Amino acid sequence: MTVVLPSSLEHLARRLPELHLLVVTVGVLDMRPLDELTEAHWHWVWKLNVMTSVLAVQAFLPLMRRQPGAGIVLTGSGSGLAIREPDPLSALYATTKHALTGYAGVLRAALAPEGIHVTLLVPSGVEGNLAATSARSRAALLGESVDEVRGQQPAGRVLLPAAALGEQLVRGLEGERT
């Protein structure tokens with residue numbers, strides 16, 4: 001996993017003739033106690049979980065403003081909502097997904113008068129390989145062991161196959177357009 005550079009997003013935006021829907025789905029996690037978190041960990045997760053979405057929106061928004069009824073989908077998490085008993089090992093993930101939830105709300109309010117729809121996808125308990133891809137990203141960017149996968153979907157908590165989540169998202173977006 002590599003970090004997307006703003007210049008590459010801007011380059012792509014200049015090459016596209018139009019863009020009706022921007023979907024930003026990015027996330028990394030690293031489940032560890034607060035006293036083990038370094039500034040590098042915070043920067044890594046903040047850059048990917050929050051700033052990738054911000055930079056993608058900044059790069060493509062001028063293009064989308066020319067498309068009536070354009071839409072933006074950001075991928076948050078159930079961990080980014082108010083939860084009664086947060087996992088004490090989830091500081092990095094929960095904090096950044098809360099920030100993304102706030103950003104999506106502000107973006108929705110700011111762009112609604114222009115007719116641009118903003119959707120925050122809030123998956124929770126979806127099958128996938130977030131922990132493994134996060135471990136590879138952490139290894140590449142922080143030099144830590146790729147073998148140390150931190151954060152697994154708790155047994156029995158997978159509620160939805162990833163393909164089913166995608167189908168629900170498409171149905172929801174189609175409903176917005178009718």
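This is a predicted model: local features need pLDDT of at least 70, side-chain atom pairs count only at pLDDT 80 or more; totals for chains, interfaces and linings use all residues.

I started with helix H3 (residues 91–111), which lies across E2 and E3 and runs at about 170° to E2. For the record, helices (H or I, at least four residues) and strands (E, at least two) are DSSP runs, numbered from the N terminus. Contact means heavy atoms within 4.5 Å. Axes are lines fitted to C-alpha atoms, for helices over the stretch in contact, and angles run from 0 to 180 degrees between N-to-C directions.

Residues are numbered from 1 along each chain as its sequence is written, and side-chain values use heavy atoms, with hydrogens and water left out.

Next I checked E2 against E3: they pair in the parallel sense over five bridges, pairing being at least two bridges found by DSSP. Gly71 stands opposite His117 in E3. From E2 the chain goes through H3 to E3, a right-handed β-α-β crossover (clockwise from the first strand over the helix to the second, with the strands pointing away from the viewer).

How much of E3 is buried? Four of its five residues are, buried being under 20% relative accessible area with a 1.4 Å probe, protein chains only.

Then I moved to E1, which pairs with strand E2 (residues 71–75) in the parallel sense over four bridges. I found Leu74 in E2 as the bridge partner of Val24. Helix H2 (residues 39–64) lies across E1 and E2, at about 175° to E1.

Overall, I noted an open sheet of three strands in the order E1-E2-E3. E1 (21–24) and E3 (117–121) are at the edges with a single partner strand each, so one side of each has no neighbour in the sheet.

Note on methods:
Buried means under 20% relative accessible area, exposed over 50%, partly exposed in between (1.4 Å probe, protein chains only).
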